[in-house]
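Thank you all for coming.

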Amino acid sequence: DRDLRGRVLAMNMGPETPVIQVMTRPLKTIEHDAPAFSALRLMIDENIHHLPVTEEGRIVGVVSATDLLLHQTNNPIYLRGIIERLDGPAAIGNYASEIAALAESSFQGGLGALQISQIVSSLNDALVKQLARLAEQALGPAPAPYAWIVFGSEGRMEQTLLTDQDNGLVFEGAMEEGRAYFGELSKRIVEGLIQAGFPPCPGEFMATNWCRPLSEWRQLFAQWIRLPQPQALLDAAIFFDFRAVAAGLSLESLEEIISGAKSEKRFLAHMLNGALAFRPPLGFFNRLRTENGKIDIKMTGIAPIVSLARVAALAAGSRERSTLERLSVASLSDGVIDLESMRSLSEIFPFCLRLRLRAQLAERRNHERIDNRIDSAALSSFERRQLKDALIIIKRIQEDLRAAWRLDLSS
């Protein structure tokens, strides 16, 4: 329908026009046994509303956005369309509430926290691309190719409700004209994200401070890896989660530097020591410790797994970004995490994410400040046992790694 309107009628072409001349290509398809969630992700990423379904190379049907999501107000494809039509930052003031409503309806509909986070991250990517287009319209064409990169949970596509910004900008060359242009472009995108509901990063890991030529980024990454300093690595760890969003510049040289980190044992030891700093809240006899009845599930459950997966992927020379993919790849190599530990952490991670998202959605409904703490009293007795067992497993894996790498307990 859109092809006929946009490429035939709008272009004053006649009915005799061959279909092959106006059809959408290349054709995006999905295998018949893929989960519906994968179809939804692909449709959001490609901004399409119909997706052919294949079986053994043959098209056997088609799935539409309407098939997948009937309630348009919480439809991510519908929200993707709104983002595409934005004509200025002022038009995105309710983005945060739209994302929260989407997360709520998806969670209540049975979608997992990781799947929700991937949908949200895809929408956030689309928003950044649109803000970049608007900035270029206002400032004129970019003087050199560039890439907008995101770090942390957004880089891993594990963000749900909107959190602090972690982003940067990489551009080609080092001319002063480029620094001035991309500095202003970064400012406009960051301000647009603030208007959309992304708070500024307290640590200032934003493109307004991290807008640099590719040569400087290469130097930074090489320095972190080859001349590691413990405190610098604590601050830089999230940079190894980087993912290009709005990109016209190849970042292959950065990827190659990261892939080479597998041979830098001192660097890996420092990274692992930093990962082991995130300790589960367990006291004597593995008694679960709380603060006013609450547990910071991010710092004591999620962060330890994310950090260990990051180190394991670096040790394996992997380019994977998501935590579960990193664990999976790392388990196939003779690296940091053994197969049994990988399987345990891969089961614990979605469980912790689910507890956090459920608590955050409840805080939103009750108009409370949203944070990363879960109320122990709000857990069922089964969930409390599960959580305690999960934290004990994390602690055991950390202790085994500390002994295997001969790391100082006090460091």
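Let me begin with a term: two strands are said to pair if DSSP finds at least two bridges between them. In this model, which is a predicted one, β1 and strand β2, residues 50-55, pair in the parallel sense over two bridges. One of the contacts to look for is that of Ile30, whose bridge partner in β2 is Val53.

Taken together, the three strands form an open sheet in the order β1-β2-β3, with mixed pairing. Which strands stand at the edges? They are β1, residues 30-31, and β3, residues 58-64, and because each has a single partner strand, one side of each is left without a neighbour in the sheet. Helix α3, residues 36-46, packs on this sheet and touches β1, β2 and β3, with its direction making about 135 degrees with that of β2.

Let me now turn to the helices, and to α16 in particular. In general, two packed helices are described by the angle between their axes and the distance between the axes. Helix α7, residues 113-139, packs with α16 at an angle of about 70 degrees, their axes being 8 Å apart, which makes α7 roughly perpendicular to α16. On the α7 side the contact is made by Ala113, Leu114 and Ile116, and on the α16 side by Phe349, Pro350, Leu353, Arg354 and Leu357; by class, these residues divide into seven nonpolar, no polar and one charged.

The other partner I want to show is helix α14, residues 297-316, whose axis comes within 10 Å of that of α16, residues 339-365, the two crossing at roughly 145 degrees. The crossing of α14 past α16 is left-handed. From α14 the contact draws on Ile297, Lys298, Gly301, Ile302, Ile305, Val306 and Leu308, while α16 contributes Leu345, Ile348, Phe349, Cys352, Leu353 and Arg356. These residues divide into 10 nonpolar, one polar and two charged. Please note that Phe349 and Leu353 of α16 take part in the contact with α7 and also in the contact with α14.

Note on methods:
Residues are numbered from 1 along each chain as its sequence is written. This is a predicted model: local features need pLDDT of at least 70, side-chain atom pairs count only at pLDDT 80 or more; totals for chains, interfaces and linings use all residues. Side-chain values use heavy atoms; hydrogens and water are left out. Axes are lines fitted to C-alpha atoms, for helices over the stretch in contact, and angles run from 0 to 180 degrees between N-to-C directions. Helices (H or I, at least four residues) and strands (E, at least two) are DSSP runs, numbered from the N terminus. A crossing is left-handed if the near helix is turned anticlockwise from the far one by less than a right angle, and right-handed if clockwise. Contact means heavy atoms within 4.5 Å. Ala, Val, Leu, Ile, Met, Phe, Trp, Tyr, Cys and Pro count as nonpolar, Asp, Glu, Lys and Arg as charged, and the others, Gly among them, as polar. Angles under 35 degrees count as roughly parallel, over 145 as roughly antiparallel, 65 to 115 as roughly perpendicular and the rest as oblique.
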